[in-house]
Amino acid sequence: MTQAGICILIAIVAYMAIVIGIGYRFSKKNSNADDFYLGGRKLGPFVTAMSAEASDMSSWLLMGLPGVAYLSGIADAGWTAIGLAVGTYLNFLIVAKRLRRYTAAANNAITLPQFFSNRFRDEKKILQYLAAIVIVIFFVPYTASGFAACGKLFSSLFGVNYQTAMIISAIVIVGYTMLGGFLAASTSDFLQSIIMTIALIVVVLFGINAAGGLNIVIDNAKELPGYLHMFSSYDGASHSAVSYNPLTVFSTLAWGLGYFGMPHILLRFMAIEDENKLTLSRRIATVWVVISMSVAVFIGIVGYSMSKAGALEMLEGSNSETVIVRIADLISRHGVFAALVAGVILAGILASTMSTADSQLLAASSAVSSDLLGDRLKKNGKSALMAARITLLLIAVLGMILARDPDSSVFSIVSFAWAGFGASFGPVILFSLFWKRTNRFGAMAGMLSGGIMIFVWKYAVRPLGGIWNIYELLPAFLIACAMIMVVSLATPAPSREIVEEFEKVASGK
């Protein structure tokens, strides 16, 4: 192994040791399953904000977004980033406080499925079971993809066997999550957001210098038709601009709707110690999201100029997503300190993947142990905590089995998992919090129709092309909203007890 490779390995191993240490530290603070899955509602505003965003962004921020910008310019990446930034702000603004208050009022619900069941007094717990099944369907394969992404990173960097690298990565993620639960995952996500920020800053500054300066970067981008336009994108095959119509823009912005239904993000709102501190969390999260996504998009543009200058090879197709990895490799060739910095950058990519995988792992295991099997498990603290940890381990093993093949079909599910949660849970969350006429029948109809429509639109409607070629989250979200309203109005109104609790929460008392 080269000197640069050793320095990179040292930086990554040091990072992994730190997150394991975080897990050990918080392991003593979990006395029951409530602490394990929601941290006893003790999160501070900074950890709430940054852990929510780190668990959301995943490797998409450091790989996917720069890759899209590298190939086609700022339109695709830009409108997606704008939609996500607006979604982040609105989620913190209109959902966070009321969800924190309502989950505490609704018999102290510690998971989203429990909240749905308690909110609508669903004694048969059909809503709870249905929501738990949705979480498992979308999160187990998603977690597997996180394990696989870590394995591929290690395999490509150090030439080790993919499966060995994947299993080692999964063991680290499972280790600190199983030890410390929600508090460990949230704290490590906070650390991971810092590392991701450092990676973005170092890469963009080095890249601009390697490309010949900021003016050169801009001039090279201007030479490509549509590359720097928000209403057209660059098509590398035809070397021409492809126009964006309003429907395409609106469809891309719809990514922001997904935030209203993301369990691993909504759990952060539920876990904050003081709901009044969510205002500070909103400001921190929004500023970080706007800056980090802007820098990530710009890195793609800088990467293209580096390729044109000969510092990088020209990247095609999915290889464009490795632009930050390749820039980190260039940095590592400038001495021991630079190699350590490159290790931090690559640890940032690893961190972005781990920060999502740990949250998904917790959400999927809570759906099984607490929501599906909760009535069959003992309720006392130690037994429930042990069951939670065992379930998390079993979910992780299943994820590793699914991730054993890097080309597994599991990765096709990841592309619409965001839409699946957004359409299944987003409308139900919004109507549960803001429309007192919503009843359990409407909530069930919305959850089912939203989830089913994701599959229908993705595989049956969208392939038709033309006006039907829009992101499946948008039509599925709208259909779910309509179903909630129609079914709720067509069935008996909520009981007086439910309405009074709603009004109490809405008044903030």
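Val-86 counts as partly exposed because its relative accessibility is 43%, where partly exposed lies between buried, under 20% relative accessible area, and exposed, over 50% (1.4 Å probe, protein chains only). This is a predicted model, in which local features need pLDDT of at least 70 and side-chain atom pairs count only at pLDDT 80 or more, while totals for chains, interfaces and linings use all residues. Residues are numbered from 1 along each chain as its sequence is written, and side-chain values use heavy atoms, with hydrogens and water left out.

Val-86 belongs to helix α4, which spans residues 74–105; helices here are DSSP runs of H or I with at least four residues, strands are runs of E with at least two, and both are numbered from the N terminus. Together with Ile-82, Tyr-89, Leu-90, Leu-93, Ile-94 and Phe-434, Val-86 makes a nonpolar surface patch of about 540 Å², to which helix α4 gives the most, with six residues.

Ser-193, in helix α7 (residues 162–211), is by contrast buried, with a relative accessible area of 0%. Apart from neighbours within four places in sequence, Ser-193 is in contact (heavy atoms within 4.5 Å) with Met-50, Ala-54 and Trp-288.

Turning to the strands, β1 (residues 232–235) and β2 (residues 240–243) run antiparallel and are joined by four bridges, where pairing requires that DSSP finds at least two bridges between two strands. Asp-235 stands opposite Ser-240 in β2, and the two strands form a hairpin with four residues between them, where His-239 in the turn has a positive phi of about 55°.

Terms used: Patches are made of residues with over 30% relative accessible area and no salt bridge: like charges are joined within 9 Å, nonpolar side chains (Val, Leu, Ile, Met, Phe, Trp, Tyr) within 5 Å. Accessible areas come from the Shrake-Rupley method with a 1.4 Å probe; for residues, only the protein chains shown count as cover. A salt bridge is a side-chain nitrogen of Lys or Arg within 4 Å of a carboxyl oxygen of Asp or Glu.
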